[in-house]
Amino acid sequence: MDRHFLKRAWIWVTRIKYCRGFGVQSPNDYRFIRYVINEHWPYYKYEKLNKNIPEIDSATRRLCQLYFRIANHCQPELFIDIEPDNHAYTKYVKAGCRKTKAVRLDHIDTLDTKKSVIVARMDAYHTTSKAIEKMITVAGEGSVIILQGIYDTKEAKQVWKEAVEHERVGVSYDLYYCGLLHCVKRQFKKKYKVNF
């Protein structure tokens with residue numbers, strides 16, 4: 001048994017009470033958890049994408065499939081990525097929404113994104129809090145910002161904590177492997193832990 005399996009099993013067991021939207025009162029949040037984050041049925045493009053991108057490991061493929069479902073749900077105009085050279089994420093997002101245009105994070109200043117629905121992939125251990133705050137500020141209503149590695153370091157945990165508290169983040173989803181920040185107007189901020 002490899003240690004990654006044991007770690008995944010431990011994370012799953014410690015988060016068992018957060019499975020599939022149990023205890024979530026908001027119908028929209030429940031649907032997002034149940035049918036986007038934790039959808040287990042194979043989507044129409046998974047098989048083709050798995051054949052076209054065979055070189056990625058199972059953990060990355062799992063995240064790629066999550067990004068596919070998020071793109072399919074949000075139908076974003078832009079996918080903003082920290083490392084666009086990692087084509088796997090971009091291919092999965094574009095398969096989820098064909099109209100999505102992929103853009104590098106460092107080109108964000110040249111775009112007018114204020115009213116655009118975006119999906120952005122960043123990481124909590126390399127990206128600065130300032131860059132994450134800027135992304136949250138420019139994201140349009142309904143956008144989803146994904147922060148990977150939110151538990152990798154003490155600093156990453158702090159970056160995640162600060163991002164969750166941003167005034168434009170209405171709902172946050174802590175999946176352990178990554179965190180999702182949903183830019184929606186809410187009277188009360190909602191924070192969910194999800195067993196992903």
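This is a predicted model: local features need pLDDT of at least 70, side-chain atom pairs count only at pLDDT 80 or more; totals for chains, interfaces and linings use all residues.
Trainee: How many strands does the open sheet have, and in what order do they come?

Mentor: In general, strands of a sheet pair through backbone hydrogen bonds, either parallel or antiparallel. Here the open sheet has 7 strands, in the order E2-E1-E3-E4-E6-E5-E7. Its pairing is mixed. The edge strands are E2 (101–104) and E7 (190–193), and each pairs on one side only. From one strand to the next, the twist averages 15°.

Trainee: In which sense do E1 and E2 pair, parallel or antiparallel?

Mentor: Parallel, over 4 bridges. Leucine 78 stands opposite lysine 101 in E2. E1 and E3 also run parallel, joined by 4 bridges. There, aspartate 81 has arginine 121 of E3 as its bridge partner.

Trainee: Which way do the side chains of E1 point?

Mentor: In a regular strand the side chains alternate between the two faces of the sheet. In E1, Leu78 and Ile80 point one way, while Phe79 and Asp81 point the other way. All are buried.

Trainee: How many bridges link E3 and E4?

Mentor: Count 5, between residues 118–123 of E3 and 143–148 of E4, in the parallel sense.

Trainee: Which strands does helix H6 lie across?

Mentor: H6 (residues 129–138) lies across E1 (78–81), E3, E4 and E6 (178–183). Its direction is at about 175° to E3. Helix H7 (residues 154–164) packs on the sheet too, touching E4, E5 (171–174), E6 and E7. The direction of H7 makes about 15° with that of E6.

Notes. Residues are numbered from 1 along each chain as its sequence is written. Side-chain values use heavy atoms; hydrogens and water are left out. Two strands pair if DSSP finds at least two bridges between them. Helices (H or I, at least four residues) and strands (E, at least two) are DSSP runs, numbered from the N terminus. Axes are lines fitted to C-alpha atoms, for helices over the stretch in contact, and angles run from 0 to 180 degrees between N-to-C directions. Contact means heavy atoms within 4.5 Å. Buried means under 20% relative accessible area, exposed over 50%, partly exposed in between (1.4 Å probe, protein chains only).
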